[in-house]
Amino acid sequence: MKVTRIVLTIAGLDPSSGAGLTADLKVFAAHGLYGVCCPTALTVQSTQGVFRSEAVPPDLIADTLSCLAEDVPLAGIKIGMLGSCGAVCAVADWLSAARFRGPVVVDPVLRSSSGRALLPDDALPALRERLLPLATVITPNQPEAAVLAGEQAAPETLAEALLAQTPAVVLTGGHGPDPDTITDLLRTPVLERRYTGPRVHTSATHGTGCAFSSALLAELVLEQTLVEAVGAAKQYVEQAMRAAYPVGQGRGPMHHLFRHRPKDFTPG
Ligand code: PLP
């Protein structure tokens, strides 16, 4: 009998599928995993930005998580945009009650690149105190790490500070100063490791953080070590950005399923 590993994304819905849970499902599929999802927020957005966001009621989130977990064995969980304090608490309650033993990657999404807040400030204490301790690893970018740590500082200092809240941190380097390279920093209590790669010059940057955290979860579920999984996830995002084809008029999606060629279409 063939068995596919099943992974869960708990995230917001981006109808343009560049970010959020529909993008996460593509990343899981690209890694040969079956994805299920729990929506936490509906957004009105396109490649041109996020224009509106409505939170899913916390009891609907709790019911969705219980319903899925009773039916399918979950090999890993990615948590992205939560959108409200109620959602943070519903997910933290469920995760601690479930005593889930597989990898949990938390991408602490606070704001879209277009500048819209995707998590209200009143949710920060619950995120820090209730959810981050339940993660295997968290994947903030520099601005998110600064908010969570409560200080502006160098990536090394922020990663160190965040270890008080969570077991491992990958501080993604897209906001770094170098125009040609990006350095991600992995920090655990016992190791510090840098991953430097080329900065891909493209407008297909929508949802790169979502894709990185989902790919990281997929690699962990596929039994890569954390050190290997970070490198593989970084490489996946780089390849998917290079393979992007034009979608929309703004910051387009990467080609999550780049190993599958899109069907050619000649506009007539
Ligand atoms: N919408 C959703 C549902 C997201 O989860 C995210 C990021 O995680 C975004 C929008 C923002 O994506 P970007 O920063 O690429 O604009």
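**Exercise 1. Find which polar atoms of the protein lie by oxygen atoms of the ligand, and how much of the ligand is buried.**

Begin with His206, which has a polar side-chain atom 3.3 Å from an oxygen atom of the ligand; a polar contact here is a pair of N or O atoms within 3.5 Å, and within protein one must be able to donate a hydrogen and the other to accept it, while residues adjacent in sequence count only if both atoms are side-chain atoms. The model is predicted, so that local features need pLDDT of at least 70 and side-chain atom pairs count only at pLDDT 80 or more, whereas totals for chains, interfaces and linings use all residues. Residues are numbered from 1 along each chain as its sequence is written, and side-chain values use heavy atoms, with hydrogens and water left out.

Go on to Gly207, where a polar backbone atom is 2.7 Å from an oxygen atom of the ligand, and then to Arg251, where a polar side-chain atom lies 3.4 Å from a ligand oxygen. Taken alone, the ligand exposes 400 Å², of which the protein buries 91% (accessible areas by the Shrake-Rupley method with a 1.4 Å probe; for residues, only the protein chains shown count as cover).

**Exercise 2. Describe the shell of residues around the ligand.**

The ligand is surrounded by 14 residues, and the closest are Gln45, Val109, Ser113, Gly207 and Cys210 (near means that a heavy atom of the residue lies within 4 Å). Sorted by class, the shell holds five nonpolar, eight polar and one charged residue; Ala, Val, Leu, Ile, Met, Phe, Trp, Tyr, Cys and Pro count as nonpolar, Asp, Glu, Lys and Arg as charged, and the others, Gly among them, as polar.

**Exercise 3. Decide how the aromatic pair in the structure is arranged, and where its two rings sit.**

A search of the whole structure finds one aromatic pair (rings of Phe, Tyr and Trp, the last by its six-membered ring, with centres within 6.5 Å; planes under 30 degrees apart are stacked, over 60 edge-to-face and the rest tilted). The ring centres of Tyr236 and Phe258 are 5.6 Å apart and the planes stand at 40°, so the pair is tilted. Tyr236 belongs to helix H8 (residues 226–242) and Phe258 to the segment after H8, 22 residues apart, and the pair thus links distant parts of the chain (helices, H or I, of at least four residues and strands, E, of at least two are DSSP runs, numbered from the N terminus).
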